[in-house]
Amino acid sequence: SIQENIIKASHLINMDDIVREGYPTLREVAENVTLPLSDEDIRLGEKMMEFLRNSQDPVLSEKMGLRGGVGLAANQLGILKKVIAVLVPNDPEVDEDGNEIAPTEAYKMQEIMYNARIISESVQEAALEGGEGCLSVDRDVPGFVVRHARVTVEYVDKNSEKKKIRLKGFESMCVQHEIDHTNGIMFYDHINPEQPWAVKDGMLVIQ
Ligand SMILES: Cc1nc(NNC(=O)[C@H](CC2CCCC2)CN(O)CO)c(F)c(N2CCN3CCOC[C@@H]3C2)n1
Ligand code: NI
């Protein structure tokens, strides 16, 4: 099966494993994974997180021909399981002479989320300033991807522990993009077709 191949110790997820627009699983709703998590599902999450790390490494991403990613959903691997990985780096700090210094914490968010679902959401909306892209979409689709500014997400972590977190800002956008994938929703479904860059009343624009 696809998952058996992907979780092989020697396999590194690369762009050939990521399905593109038109592939059925991008428009299907994934199943919750069974609890307690199976070894296979834990390994799947770890492989997805490894892909994100590699995609953010200047040397490895170039070597492996990876597009940069801060999130990934199992639907994008052709696997209809509610498994997502999110890896949001901290911005490097800059010293008084303007030299970059590595942040104390490398990542602002690093989480493999099983069966993630939004249990509450702000009325206020938000969008990333430059719009969004998707590793499964080989074209630019310009426009504000209008999402909830803040969400409360319930999920199970890799230790099979139930978690509930509140998210805002960039992480909120990222997790919503991934949860959308597990429900067959693509980022451009949230772009206003008539006025893609319209700023709706009260909408936050996130840098
Ligand atoms: C914003 C951004 N989107 C990138 N790509 N798109 C993705 O991640 C898609 C998911 C994101 C699209 C918008 C919200 C979630 C993947 N999606 O399809 C999964 O469903 C980036 F790669 C990226 N960064 C900033 C941080 N940088 C650190 C160093 O390495 C390069 C990396 C580039 N920021
Ligand atoms: Ni995507």
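**View 1. E5 and E8 run side by side in this predicted model.** Strand E5 and strand E8 (residues 151–156) are antiparallel and are joined by five bridges. Two strands count as paired if DSSP finds at least two bridges between them. Look for Tyr114, whose bridge partner in E8 is Val156. As a reminder, strands of a sheet pair through backbone hydrogen bonds, either parallel or antiparallel.

A word on conventions for every view: the model is predicted, so local features need pLDDT of at least 70 and side-chain atom pairs count only at pLDDT 80 or more, while totals for chains, interfaces and linings use all residues. Residues are numbered from 1 along each chain as its sequence is written, chains are lettered from A and ligands numbered from 1 in the order in which they are written, and side-chain values use heavy atoms, with hydrogens and water left out.

**View 2. E5 also pairs with E2.** Strand E2 (residues 83–89) and strand E5 (residues 107–121) are antiparallel, with seven bridges between them. Val88 faces Met109 of E5 in this pairing. While you are here, find Asn115, which belongs to strand E5. Asn115 has a phi near 55°, a positive value in a residue other than glycine.

View 3. Six bridges hold E8 and strand E9 (residues 162–167) in an antiparallel pair. Val156, the partner of Tyr114 in View 1, stands opposite Lys162 in E9. Five residues lie between the two strands of this hairpin, where Ser160 takes a positive phi near 65°.

**View 4. Three strands form an open sheet.** The strand order is E7-E6-E10, and the pairing is mixed. Strand E7 (147–148) and strand E10 (204–206) are the edge strands, each with a single partner strand, so one side of each is left without a neighbour in the sheet. Strand E6 (residues 125–128) and E10 are parallel and share three bridges. Ala127 sits opposite Val205 of E10.

**View 5. Ligand 1 and the residues around it.** Of the 18 residues around ligand 1, those that come nearest are Val70, Gln76, Leu135, Glu178 and His181; a residue is near if one of its heavy atoms lies within 4 Å. A backbone N or O atom of Leu135 is 2.8 Å from an oxygen atom of the ligand, and a side-chain N or O atom of His181 is 2.9 Å from an oxygen atom of ligand 1. For Gly68, a backbone N or O atom lies 3.0 Å from a nitrogen atom of ligand 1. On its own, ligand 1 has 680 Å² of accessible area, of which the protein covers 74% (Shrake-Rupley method, 1.4 Å probe).

**View 6. What makes up the shell around ligand 1.** Helix H4 (169–182) and strand E1 (71–73) each supply at least two residues of the shell. H4 gives the largest share, five residues. The shell holds eight nonpolar, eight polar and two charged residues. Here Ala, Val, Leu, Ile, Met, Phe, Trp, Tyr, Cys and Pro count as nonpolar, Asp, Glu, Lys and Arg as charged, and the others, Gly among them, as polar.

View 7. The bond from Leu35 to Pro36 is cis, with omega near -5°. Pro36 is in the loop between helix H1 (2–6) and helix H2 (39–55).

Conventions
A polar contact is a pair of N or O atoms within 3.5 Å; within protein, one must be able to donate a hydrogen and the other to accept it, and residues adjacent in sequence count only if both atoms are side-chain atoms. Helices (H or I, at least four residues) and strands (E, at least two) are DSSP runs, numbered from the N terminus.
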